[in-house]
Each structure stands twice: as C-alpha cells, then as structure tokens.
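Hi everyone, thanks for coming. Let me put the model up on the screen, and then I'll walk you through how it packs.

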Amino acid sequence: MVEGGQVMRSASYQRFAGLCAIVGAPGGIAYSIAFTTYLKSGSAAAAKASVVLLLGGGVLATVVFVGLYERTRQVDASFALWGVILGAAAGIGTAVHGAYDLANFAHPPVGLPPDLPNAVDPRGLMTFGITGLAVLIASWLVLRGGSGLPARLGQLGVLSGVLLIVVYLGRLFILNPKNPALLTVAVLTGFVVNPAWLVWLGRELRRAPAGGAPG
C-alpha cells in the first residue's frame, strides 16, 4: 500500500516476523547445543534434534527476512529486494538441508558416503554463506537510515553476517567442524552474536513503527 508517497507496512506481519525472530534466537542456540553435543559424543539423538531445529529455523528465517524487507525497501527498494530474495532462498535451502538429513535418519540409505556434501546446501552455503550475505545487505540498508531501525542493530547485523560467512568459508576449506578456530567462530556466532541480533531485531519489528498499516 502507498499513502501520500509513503510505503505502508503491515503491522500484523511485522509483529509476526518479530515473534519469529525472537523464537529463532533460542532455536538457534538449541541447534548449536545439539550440533556441538553431536560433534563431541556422536549422539544420534543430538544429531536428530539438530536437523529438526535446522528445518524449523530455515522456515522461520523466511518470515524474518520478509519483515526486514518491509522495513528496508523504502531505503533502497532494489537492494532490499535482492536481500529478501537471498534471505528467503537461504531459509528454504536451510530447511531443505534439515529435511534431507531428517529423511536419511528416518530411512537410512544403503551405501551413502558419510562425507558427501548436501546437494542443496553444500558445506553450509545456504545456512551460513547466503544467510550471512542477506544479513549484511539488510544491515547495510539499516545503517543508511530511513528504515526506522537503530544503527547499532545494523552494526550488530554486519558483525553477524560477516561471522556467518566466515563459518561457511571455514566449513568449505577447513572442513573439520572440530577445528579449534572454526569451532570458536561457530560458537561465538551461534551462541552469542546471531541470537542477540535476532532478539533485538524481533523486538524492533514488534514496535509497530510509524507509517505501518493497521492489521
């Protein structure tokens, strides 16, 4: 909707996207705990929990990136559109990765190489790499001003996006998730920076910004 030259936003969707962001924060921490537990102990239960959380987190991410798009499109519509396309694609890719692993747990295939990369999300391309790029684009738009979101949220988002890309590159070139350097960055990202960004973003999205259409 456009009123007086200003893009109107759906307040109800903003609240929903904010809730999904807030829910995604503990979900991401739970995924990090489950995946770390699996790395340390090889627990099948932890592995199954991690893929279920990965699937759910991917779906939630699509909601959050659309909410971010509604806030940032008035800053630069084309860059905001690029960001939401990447974010939605990354969320879907993450969910498919989780669903693929879950299907393999439910009915283990015969003769599947254990180190074969996921075809949709090889070494976390969508889960970490493209998600990080989408977060960077949205955060850069926040830093430009005009979205109604605080600049410091944009700064934290830039840090989160960079760390997510570093995790992807580490998984791609170092490969071993138990590598101390890669594990340190992954823990910082999954337990601290990304959850903090999601909770802050969620609270901001739920604030019913000025100019939002009632809904």
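Quick housekeeping. This is a predicted model, so please keep in mind that local features need pLDDT of at least 70, side-chain atom pairs count only at pLDDT 80 or more, and totals for chains, interfaces and linings use all residues. Residues are numbered from 1 along each chain as its sequence is written, and side-chain values use heavy atoms, with hydrogens and water left out.

Okay, helices. When I say helix, I mean a DSSP run of H or I, at least four residues, numbered from the N terminus. Two packed helices are described by the angle between their axes and the distance between the axes. The axes are lines fitted to C-alpha atoms over the stretch in contact, and the angles run from 0 to 180 degrees between N-to-C directions.

Start with α1 and α2. Their axes are 8 Å apart, at an angle of about 150°. That makes the pair roughly antiparallel; the cut-offs are over 145 degrees for roughly antiparallel and under 35 for roughly parallel. The crossing is left-handed, meaning the near helix is turned anticlockwise from the far one by less than a right angle. The contact residues split into 20 nonpolar, seven polar and two charged. Nonpolar here is Ala, Val, Leu, Ile, Met, Phe, Trp, Tyr, Cys and Pro, charged is Asp, Glu, Lys and Arg, and the others, Gly among them, are polar.

Next up, α3 and α4. These pack at about 155°, with axes 8 Å apart, which makes α3 roughly antiparallel to α4. This crossing is left-handed. Contact means heavy atoms within 4.5 Å, and on the α3 side the residues include G83, G87 and G93, meeting residues of α4 such as I130, A134 and I137. By class, that contact has 13 nonpolar, seven polar and one charged.

Now, how do α2 and α4 pack? Helix α2, residues 44–72, and helix α4, residues 125–144, sit at about 20° with their axes 11 Å apart. So α2 is roughly parallel to α4. The crossing is left-handed.

On to the core. A nonpolar core is a set of buried Ala, Val, Leu, Ile, Met, Phe, Trp, Tyr and Cys residues joined through side-chain atoms within 4.5 Å. The largest one has 34 residues, and F65, L68, L149, W197 and L201 touch the most other members. Helices α1 through α6 each supply at least two residues, and α4 gives the most, with nine. Take L149: leaving out residues up to four places away in sequence, L149 touches L68, R71, V142, L201 and E204.

Is S160 buried or exposed? S160, in helix α5, is at 0% relative accessibility, so S160 counts as buried; buried is under 20% relative accessible area, exposed over 50%, partly exposed in between, with a 1.4 Å probe and protein chains only. Beyond four places in sequence, S160 touches V135, V193 and N194. S12, over in helix α1, is partly exposed at 32%. S12 and G111 are 99 residues apart in sequence and 48 Å apart in space, C-alpha to C-alpha.

Notes
Angles under 35 degrees count as roughly parallel, over 145 as roughly antiparallel, 65 to 115 as roughly perpendicular and the rest as oblique.
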